[in-house]
Amino acid sequence: MNINNFINDWLLASNNFDTEKYLEFYESEAILDDPSVGRQFIGHKGIKDYFESYFIGFNTNTKLVNLTITDEENVHLEVEFTGEFSEGKLRGIFDLKFKNEKIIFAKADLIH
């Protein structure tokens, strides 16, 4: 798996608000933990709710600032979010864990 291509394609699906394509990057039982909103989103149904609420709902665009590849199963992303939320622009992180070339666990958090 080419992690750089994976991340670029994942962000492209996100920025295009392509829910079905976005979900293809996740294992069906994946967990997305976002302390910024105070909860976990489990499986495709939960991640779809998260994506539609916080990305599509706020017209959020994500720009990659830095990508650190820890190993073939773990990456850390620093990103910049812009959208229709009060701050207009926020920094954030994603820590991703892969299994079978898909995301099995994601931690998303805003940097304050």
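Thr-62 touches Leu-11, Ser-14, Asn-15, Phe-55, Val-79, Glu-80, Phe-81 and Phe-94, when residues up to four places away in sequence are not counted, a contact being defined by heavy atoms within 4.5 Å. In this predicted model, local features need pLDDT of at least 70 and side-chain atom pairs count only at pLDDT 80 or more, whereas totals for chains, interfaces and linings use all residues. Residues are numbered from 1 along each chain as its sequence is written, and side-chain values use heavy atoms, with hydrogens and water left out. Thr-62 lies in strand S3 and is buried, with a relative accessible area of 4%; buried means under 20%, exposed over 50%, and partly exposed in between, for a 1.4 Å probe and protein chains only. Helices (H or I, at least four residues) and strands (E, at least two) are DSSP runs, numbered from the N terminus.

Strand S3, which covers residues 61-71, pairs with S4 in the antiparallel sense over nine bridges, where pairing requires that DSSP finds at least two bridges between two strands. Leu-64 stands opposite Val-79 of S4, and the hairpin formed by S3 and S4 has two residues between them. S4 also pairs with S5, again in the antiparallel sense and over nine bridges, and Phe-81 has Leu-90 as its bridge partner in S5. The hairpin of S4 and S5 has six residues between the strands, and in this hairpin Gly-88 takes a positive phi near 80 degrees.

Thr-62 is also among the residues that line the largest cavity, together with Trp-10, Leu-11, Ser-14, Tyr-22, Phe-55 and Phe-94. On a 1 Å grid over the protein atoms alone, a cavity is a set of points where a 1.4 Å probe fits but cannot get out, while a pocket is an open set with protein on both sides within 12 Å along at least five of seven lines, and lining residues have an atom within 4 Å of a point. The structure holds one cavity of 30 Å³ or more, and about 30 Å³ of space lies in the largest cavity, a volume being the space filled by probe spheres set on grid points that are joined across faces, edges and corners. H1 gives the most to this lining, with three residues.

Trp-10 belongs to the largest nonpolar core, which has 30 residues, and is one of those that touch the most other members, as are Ile-7, Tyr-26, Leu-77, Phe-94, Leu-96 and Ile-103. Such a core is a set of buried Ala, Val, Leu, Ile, Met, Phe, Trp, Tyr and Cys residues joined through side-chain atoms within 4.5 Å. At least two core residues come from each of several elements, including helix H1 (3-15), helix H3 (43-56) and strand S5 (89-99), and H1 gives the most, with six residues. Apart from its neighbours within four places in sequence, Trp-10 is in contact with Tyr-22, Phe-25, Tyr-26, Leu-77, Phe-94, Leu-96 and Ile-103.

The largest pocket has a volume of about 300 Å³, and of the 15 residues that line this pocket, Asp-34, Val-37, Tyr-54, Leu-90 and Leu-110 are the closest to its centre. H3, S5 and S6 are the elements that give two or more residues to the lining of the pocket.
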